[in-house]
Amino acid sequence: MSTNIRDIAKNVGVSVATVSRYLNDSGYVSYETAQRIKKEIERTGYTSNMHAQAIFKKQSKTLGLMIPNILNPFFNEVITYVEDRVVKAGYSLLLCNTSDDKGKEKMHLDMLKRFRVDGIIASRSLCREEYKSLQIPIVSFENNIRDDVPIVTADNYEGGRLAFEHLNSVGCKKLLHIEGPKTFDATVARAKGFVSAAHDYGCNVDVLNFNTDFRYDMAIDSDKELLKKITKYDGIFVFNDISCANIMNGIMTYGVRIPDDIKIMGFDNAMISTMVKPHITTIAQSAQKIADKTVDILLDIIAKKTDYELVNYIDVKLVARESTGLGNKNMN
Ligand code: XLF
């Protein structure tokens, strides 16, 4: 007969609850007791077999979170808030970094299926096909993956419009938008908003497409051609804060003064925006609101509730700071 949790408890001389606390890491077990339980588990070959539990109870109490770029500080904030909410709701979280790579995302998705997670938060997903027949509850942040999958996203189009209006209002005449990759629904919408506001004001703007989110190598070796190209503008809206910080860093090495020669702004209001000098003007999207909304909806779907919205826009707002010549140096 195979060993069960009661045998382990009896052999160690502790209660079943203590062994369960040890196995689930869900409360205090003294170091000495934990060592004795561990030894007994090894001796008997018993494992708690969470996988079998998941099959039996049809729930693993584990959720999956797909993050597209863990290097980007905005996503660090999203992870922090999601993890906090998920743990408070009694779940564990499996964190997957897809690196905006379809193959990697597919691999993580297979792993989450094998672990029988109770739900998945997909972010900036590139895997529409793979999610098609998936029975697991899903909520998507940003990219639309299936018509019946709820989506949470900032009002990116409005954010793009606000960015244009701001640069226009501080007197910029030669405007450039550095647009994010075309596979990011969010940044495509930001670009559309920026260009459409410019048209409404009768202004011309240039758009330069960037084919990647921030990568580590960019901080080490900046794209000199790109930097030279953009120094002829006097107002630049970059698709997110981390890329904006990196570009600011690069153009300042060419002697460009921000905001005197070029006014520049980003999108996110991520931590980085006040950790560099000058502080970055940005369009704020709240990582906390995004996390709360995605987790709320996912838990609703798991609880078989149906009264959530399919499309959920998170409001955006302008936060004016030094990089466009505004804002109190010590504010925000
Ligand atoms: O996908 C977009 C682009 O980058 C996302 O919301 C972000 O702004 C995060 O930095």
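Helices (H or I, at least four residues) and strands (E, at least two) in these notes are DSSP runs, numbered from the N terminus.

**Ground rules.** I am working on a predicted model, where local features need pLDDT of at least 70, side-chain atom pairs count only at pLDDT 80 or more, and totals for chains, interfaces and linings use all residues. Residue numbers start from 1 along each chain as its sequence is written, and side-chain values use heavy atoms, with hydrogens and water left out.

**Overall.** I looked up the secondary structure and got 13 helices and 12 strands. The box around the C-alpha atoms, taken along the principal axes, is roughly 80 × 40 × 35 Å. I then checked burial (buried is under 20% relative accessible area, exposed over 50%, partly exposed in between; 1.4 Å probe, protein chains only). Of the 332 residues, 49% are buried.

**D100.** I went to the loop between β2 (92-97) and α6 (102-114), which holds D100. D100 is not a glycine, yet its phi is positive, about 50 degrees. I noted D100 as partly exposed because its relative accessible area is 21%.

**E142.** Here I found another positive phi in a residue other than glycine, near 80 degrees. E142 is in the loop between β4 (138-141) and β5 (151-154). With a relative accessible area of 6%, E142 goes down as buried.

**Ligand.** Which residues surround the ligand? I listed N72, F74, F75, R124, E142, T187, R190, N240, D268 and Q285, counting a residue as near if one of its heavy atoms lies within 4 Å. Next I looked for polar contacts (a pair of N or O atoms within 3.5 Å; within protein, one must be able to donate a hydrogen and the other to accept it, and residues adjacent in sequence count only if both atoms are side-chain atoms). E142 turns up again, with a polar side-chain atom 2.5 Å from a ligand oxygen. For D268 I read 2.6 Å from a polar side-chain atom to an oxygen of the ligand. The protein covers 100% of the 280 Å² of accessible area that the ligand has on its own (Shrake-Rupley method, 1.4 Å probe; for residues, only the protein chains shown count as cover). Two or more residues of the shell come from each of α5 (73-88) and α9 (185-200).

**Helix α12.** I checked residues 241-252: 12 residues, reaching 16 Å from first C-alpha to last, close to the 16 Å expected at 1.5 Å a residue (1.5 Å times one less than the number of residues). Buried or exposed? I count 10 of the 12 residues in α12 as buried. Among them are D241, N246 and I251.

**Cis prolines.** I258 to P259 is a cis peptide bond, omega near 10 degrees, and P259 lies in the loop between α12 and β9 (263-268). I found a cis bond from K277 to P278 too, with omega about -10 degrees. P278 is in the loop between β9 and β10 (281-285).

V295 is in helix α13 (residues 287-302), and I marked V295 as buried because its relative accessibility is 1%. V295 and I120 are 175 residues apart in sequence, but 9.6 Å apart C-alpha to C-alpha. I looked at Y216 in helix α10 (residues 216-220) as well. Y216 is exposed, at 58% relative accessible area. Y216 and L71 are 145 residues apart in sequence and 7.5 Å apart in space, C-alpha to C-alpha.
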